[in-house]
Amino acid sequence: MDPFLQAALDEARLGLQEHGIPIGSVLVIDNEIVSRGHNRRIQSGSAILHAEMDCLERAGRLTANDYSRSTLYSTLSPCDMCSGAALLYKIPRIIVGENQTFQGPESYVRSRGVDLQIVNDPVCIELMRTFIEENPTLWNEDIGLPTQN
């Protein structure tokens, strides 16, 4: 496995250990991890701290030049919100661990010139499949779907 995707997977596992949603992300600039994050919505009581948003927040203020040289890694296909943040900062490349359990606006992101690559790593897939199966209500909340009673 790519070491940067592995770092994102480590973040996802950390989120799960914290009783959160197991999605992780890292931001890489010039072949170096400059920030790590994982979904912290549950842990922080946040509406927006998906893994990619947490990662970008933890990176702090970067310049447009920094973002132009960056790659965002995520264990799961970024949702509309996270994809929008990547587009806003003109991150040119996104590497996704898997899109079998959830697929964000990938065609749109690509249409905006982003090099979006889907790995479909079996470990990433199994981590999310297990989580979704065991926590369907929490998962639906995270992706903005109504819960079923």
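Y73 is buried (under 20% relative accessible area, with exposed over 50% and partly exposed in between, for a 1.4 Å probe and protein chains only), at a relative accessible area of 4%. The model is predicted: local features need pLDDT of at least 70, side-chain atom pairs count only at pLDDT 80 or more, and totals for chains, interfaces and linings use all residues. Residues are numbered from 1 along each chain as its sequence is written, and side-chain values use heavy atoms, without hydrogens and water.

There are 3 aromatic pairs, counted when ring centres of Phe, Tyr or Trp (its six-membered ring) lie within 6.5 Å; planes under 30 degrees apart are stacked, over 60 edge-to-face, the rest tilted. Two of the pairs are described here.

| Pair | Centres | Planes | Class |
|---|---|---|---|
| F4 and Y73 | 5.5 Å | 55° | tilted |
| Y67 and Y89 | 4.7 Å | 25° | stacked |

F4 belongs to helix α1 (residues 3-17) and Y73 to strand β3, so their pair ties together parts 69 residues apart in sequence. Helices (H or I, at least four residues) and strands (E, at least two) are DSSP runs, numbered from the N terminus. F4 is buried at 14%. Y67 is also buried, at 6%, whereas Y89 is partly exposed at 38%.
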